[in-house]
Amino acid sequence: MSANAGPRRERRLRRVRRRRTVWAIAAGAVLVLVAAGGAVAAVILNGQDPAVDAQGAPESTAPAEPIVFPEDEPAEAAGAEPCTTVTVLSSLENFEMVSRLVEGYNAQPRDIDGSCVTVVATRDKSGLAAEDAAAGFPEQPADQRPTVWIPDASSWLATARTLGGGVNVPAEGTSIGSSDIVLAMPAALAAAIGWDEERPSWDDVFAAAEDAEAWSDLGHPEWGEFKLGKTSPLIASSGEAALLASYGSAAGSIAELTVEQIRDDGVTEEVRQHELSTSHYMATPEHFLWHARQSEDKGSVADFLSAVIVDEKSVWDYNRGVTSRDGITRVASDPPAEQLVPIYPSDGYFVADNPAVVLGGSWVDEDEAAAGQDFVRFTGTKQGQQIVRESGYRDLNRSFDPLVAEVGRLADDQSGALPFPDGKVIRATHEAFPEVRKRAAVLFLVDVSGSMEEPIATGTSKLAAAKDAITQALGHFTAGDEVGLAAFSAVDDGPITPGLVSPVADIGDTRPDFLKALGALRPVEFTPLYAAVDEFARQRAADWNPDRINAIVLLSDGKNETAAPTIGAPQMLANLGELHHDTPVLVFTLAYGADADVATLQSISSATGAHFYDATDPTKVRDVLGDLVTSF
């Protein structure tokens, strides 16, 4: 650690507190000046000296000559069947746009080398898709592997290539549209801290997140601590952008970050301090925004987050009432009362450029490659770019659909947009993340009721498959993470059995004991779900540590069932809510098998600000649990 890292952090906190104080004084002055003259107040709010003529402001840089998008050129008639099939793999974030582009392309006749063309859209998380692309999609039949890949940012092309996918993945793609990755805040919070008027630096953002008194100093203790939401940088582009901004802020430049700076001890320590302000990580921006909407429905968005690092398109979705619990199934409702405001940090922000590449793997033949190139061509046409804008993205001239910009409160003219850095820098941040991320204190809580001995489609029992999934998920944790194991059932009206079988302790030391205890679990009898959640949540709250992600991972395959009355669901949920205010233990719930009590598990996770995961198809439990542990 560099000698000046601590003093530098203290200076940042003092500077942000001074700026907040100045803003509060200025806001009070404006209230007085409004009575004297609205024009004067407006000038002060805009950060201008009333004595300076507006003509003295510097002129903005003239925009580059805009692209004139060509018309699409479909064939006069479709080519002969059988059609060439082009599978397009997108990220979860840009799937809606890609799907609409696929529909637009398929709506017109196509003839590529004498054959008709059918384009099919698929999706996966960006980090997982990069790994699969590097390996050549080995788990998919050759005829189902993608021809075209459109991650939401070029960083994933670099990631796939550094993982050994240079033959499969081109170094550069063709951008089809873009979305800036911004800091999104509830409007009232952005106004209170002044960032809706004066753009903060990333230094300001991280200092505020580290300041336990940030909102209290501004007269809003009801908002609690400054809660900054981030996705996992190993899974989502917004998480990558957040981590890059954290390193850039610590190193002194967002735009000129180097591998050497990422490996510097002082920079690393400051980034580690930044990460301590994270409540927990999530797989996609949609996860955060779904919880934000749920929080508003219960009271206020501020109860869940103060700010979250997401793409502009996600802000537009949220403000128009579109949310998704899982990043896949989208639900439209009335627009929220508490709208989000996008903040564009003054020292730069990264752009998700949605690059399209035709993959070069052996499974892509010449006809498929030619058809894939034609689809990519379509995305840059007048018709394709209209779809891009209507889907909530900037077109290749960086222009929005006017209604999108209005609803999302998105800015056309902010300076500071940055491309993602080169592959070496991206790889260095990925490698560094396990060392700087906020450490976890996690208890796996496993249902071992009698129904866990039932077989699933793979031929193994539910419990055996769950053990396998937990063993795999344990690989996510490294020395320094505290992980434990408990299981619950009951014989007749007896106590919870077997209870805690591996204490929550440093997994670097206890991994063998954890795995031994996991292997020894056996199905028992009843399902005291409510009592188990209540008991272990209280235990974990008693050991709550503000410098860790304090959580329970609950896996259950059935409904609460006991031989004698225990605590009821309403009281259990009330207790969880009380704990959440003072010693918040996140209870992530996983519904395992068709008989799981989905509604109750959802209410448990919701009461603690955590996420619900669906493995009602028990054959998917490995993938679902692997997704869940990216929250740590």
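The protein averages a pLDDT of 89 in this predicted model, and 90% of the residues score at least 70; pLDDT is the predictor's confidence in each residue, from 0 to 100. Over residues 1–63 the pLDDT is below 50, and this stretch has 57 contacts beyond near neighbours in sequence, a contact being heavy atoms within 4.5 Å. Where pLDDT is low, the predicted coordinates should not be read in detail.

Residues are numbered from 1 along each chain as its sequence is written, and side-chain values use heavy atoms, with hydrogens and water left out. Local features need pLDDT of at least 70 and side-chain atom pairs count only at pLDDT 80 or more, whereas totals for chains, interfaces and linings use all residues.

**Second largest pocket**

- The volume of the second largest pocket is about 1300 Å³; a pocket is an open set of points on a 1 Å grid over the protein atoms alone, with protein on both sides within 12 Å along at least five of seven lines.
- Its lining comprises 42 residues, and those nearest the centre are Lys227, Ser279, Asp303, His580 and Pro584; lining residues have an atom within 4 Å of a point.
- Elements that each supply at least two lining residues include helix 12 (285–298), helix 21 (569–582) and helix 22 (598–607); helices (H or I, at least four residues) and strands (E, at least two) are DSSP runs, numbered from the N terminus.

- Helix 22 has Thr600, Leu601, Ile604, Ser605, Ser606 and Ala607 as its buried residues, where buried means under 20% relative accessible area (1.4 Å probe, protein chains only).
- Among the elements covering these residues are helix 12, helix 20 (529–542) and strand 20 (612–615).
- In helix 23 (residues 621–628), the buried residues are Val621, Val624, Leu625, Asp627 and Leu628.
- Seen down the axis of helix 23, these buried residues fall within an arc of 155°, so they line one face of the helix; the arc is that of the directions from the helix axis to the C-beta atoms.
- The cover over the buried residues of helix 23 includes strand 15 (440–447), helix 18 (462–474) and strand 20.

**Cavities**

- The model has 3 cavities of 30 Å³ or more; a cavity is a set of grid points where a 1.4 Å probe fits but cannot get out.
- The largest cavity has a volume of about 70 Å³, and residues including Glu286, Asp317 and Arg330 line it.
- Helix 13 gives the largest share of this lining, 3 residues.

Terms used
Points joined across faces, edges and corners; volume = space filled by probe spheres on them. Buried < 20%, exposed > 50% of the residue type's maximum accessible area, 1.4 Å probe, protein only.
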